[in-house]
Amino acid sequence: AQTLTLLGIESSCDDTAAAVVRHAPGHPPEILSNEVFGQTDLHADFGGVVPEIAARAHAEKLDVMVEAALATAGLTLADMDAIAVTAGPGLIGGVMSGVMCAKGLAAGSGKPLVGVNHLAGHALTPRLTDQLEFPYLILLVSGGHCQFLIAHSVTEFQRLGGTIDDAPGEAFDKVAKLIGLPQPGGPSIEQAAKNGDSQSHKLPRPLLDREGYDMSFSGLKTAALRTRDALVAEQGGLHPQDQANLSASFQAAVTDVLTEKTRRALTQYLTLEPKAPAIAVAGGVAANQAIRDSLSELAEQHGVRFTAPPLKLCTDNAAMIAWAGIEQYRLGLIDDMTLTARPRWPL
Ligand code: KG4
Ligand code: ZN
């Protein structure tokens, strides 16, 4: 097998990203650059990602990010073996911008094009960071996704279950807004929770007793809203201690649900008798230390390796796309100029 160097491009949500990853067989992959332009500020006034604003920002920033990624790596397009790009799922305008940018670069340089599924990018990240062997169990938890997958191979992901409504990151963001904490909600709730008592408010653990791996977070958000309203009615507003207590109670509820469902998914995964059993977590919510600690403890109880990528590789990035591109390229899974953006693309 040859050493491969790929440019990766990601623009499926609200981050415009480009990265260069190199892999020499027998060695850990190397991230030569990993550039991200986050659009959080552009959407701040709207309480969510506005697709039109996102698409315009991607179109403006893609070239800049690609240039920055190549420059940081000290390479040019001619040094790339292929160009990998997120072809979905995601917001159609952004995905189209990325695919068009990649096609332009491929046409101009004569390099092959590799279309990558964004979720596969997240799900293959533990092989980039820790060289995990298949099959491994992965929990993808972000602002947009929440699912358990068994990664069997580069192209085979078995979905065990997931949220039936909101993703946990979305719930963190909405609850933060409800109790007057800044966006993104995940980090501010985690911070506030440090001074709070997780037993102070009784919040539900939705679907905890239901069989299987499905989860629900919208009821939890509604319960947090009711708790807030009761506090406001009683005392006219929220004190910092109330914010801290609600944050701690909410974070504990999410952690309990994720941990209990992971326990069950782990049991099913272990029936496969993997040679190197491992559980990984990825996505923005995987940045949460309480959640990481709880999952790590669970893995330890079962004698299973636990891995969580560094934060920059948990949230949306292009290094994961370049890496998934390398994995696909090695299997001959290469696209041509007929590659199109797919807003919906289940794994
Ligand atoms: O993966 P990501 O960057 O974007 C996608 O949703 O695809 O995830 C962003 C989400 C946001 O909802 C944010 O509030 C959440 O991840 N998040 C966290 C933490 N850091 C980011 N949630 C809980 N605790 C954190 N420390
Ligand atoms: Zn993502």
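Biologist: How many bridges join strand 7 to strand 8, and do they run parallel or antiparallel?

Modeller: This is a predicted model, so please keep that in mind throughout. Five bridges join strand 7 to strand 8 (residues 157-162), and the two run antiparallel. One of the pairs is isoleucine 150 with glutamine 158 in strand 8.

Biologist: Which strand pairs with strand 6?

Modeller: Strand 7 does, over six bridges and in the antiparallel sense. Leucine 149 in strand 7 is the bridge partner of isoleucine 138. Strand 6 and strand 7 also make a hairpin, with four residues between them.

Biologist: Why is strand 7 called largely enclosed?

Modeller: Because six of its six residues are buried, strand 7 is largely enclosed by the rest of the structure. Cys146, Phe148 and Ile150 point one way, Gln147, Leu149 and Ala151 point the other way, and all are buried. In a regular strand, side chains alternate between the two faces of the sheet.

Biologist: How do you know that valine 141 is buried?

Modeller: The cut-off for buried is 20 or more other C-beta atoms within 10 Å. Valine 141 has 30, so it is buried. Valine 141 lies in strand 6 (residues 136-141). Leaving aside neighbours within four places in sequence, its contacts include Cys146, Pro168, Leu258 and Val281.

Biologist: And serine 142: is it buried or exposed?

Modeller: Serine 142 has 23 other C-beta atoms within 10 Å, and with the cut-off at 20 it therefore counts as buried. Serine 142 sits in the loop between strand 6 and strand 7 (146-151). Beyond four places in sequence, serine 142 is in contact with Ala167, Gly169, Gly283, Gly284 and Val285. An unreviewed UniProt entry includes Val141 and Ser142 among the residues it annotates as "binding site".

Biologist: Which residues does UniProt list for "binding site" along with His118?

Modeller: The unreviewed entry lists His118, His122 and Asp316. They span 199 residues in sequence, yet no two of their C-alpha atoms are more than 8.9 Å apart, so they gather at one spot.

Biologist: What makes histidine 118 and histidine 122 buried?

Modeller: Set the counts against the cut-off of 20 C-beta atoms within 10 Å. Histidine 118 has 26 and histidine 122 has 30, so both are buried. Histidine 118 lies in helix 4 (residues 118-130), and histidine 122 is in helix 4 too. Not counting residues up to four places away in sequence, histidine 118 touches Ser12, Thr86, Gly88, Pro89 and Gly90.

Biologist: Where does helix 4 lie relative to the strands?

Modeller: Helix 4 lies across strand 4 (82-88) and strand 5, at about 80 degrees to strand 5.

Biologist: Why are strand 3 and strand 5 said to stand at the edges?

Modeller: Five strands form an open sheet in the order 3-2-1-4-5, with mixed pairing. Strand 3 (30-38) and strand 5 (113-117) each have a single partner strand, so one side of each is left without a neighbour in the sheet. The twist from one strand to the next averages 20 degrees.

Biologist: Which elements give two or more residues to the side of domain 1 that touches domain 2?

Modeller: The assignment gives domain 1 (4-128 + 313-330) and domain 2 (134-275). Between them, 11 residues of domain 1 are in contact with 11 residues of domain 2. On the domain 1 side, the elements giving two or more residues are helix 4 and helix 11. Helix 4 supplies the largest share, six residues.

Biologist: Which residues touch the most other members of the largest nonpolar core?

Modeller: Of its 106 residues, those are Leu7, Ala84 and Ala322. Helix 8 (residues 240-270) gives the largest share, 12 residues. Both domain 1 and domain 2 contribute at least three residues each.

Key
Residues numbered from 1 in each chain as written. Chains lettered and ligands numbered in written order. Predicted model: local features only at pLDDT ≥ 70, side-chain atom pairs only at ≥ 80, totals over all residues. Core = buried A, V, L, I, M, F, W, Y, C linked by C-beta atoms within 7 Å. Buried ≥ 20, exposed ≤ 12 C-beta atoms within 10 Å, placed from the backbone. Domains from an automatic or database assignment. UniProt positions renumbered as here; feature names shortened; annotations may be inferred. Contact = placed C-beta atoms within 7 Å. Pairing = 2+ DSSP bridges. Axes fitted to C-alpha atoms, helices over the stretch in contact; angles between N-to-C directions.
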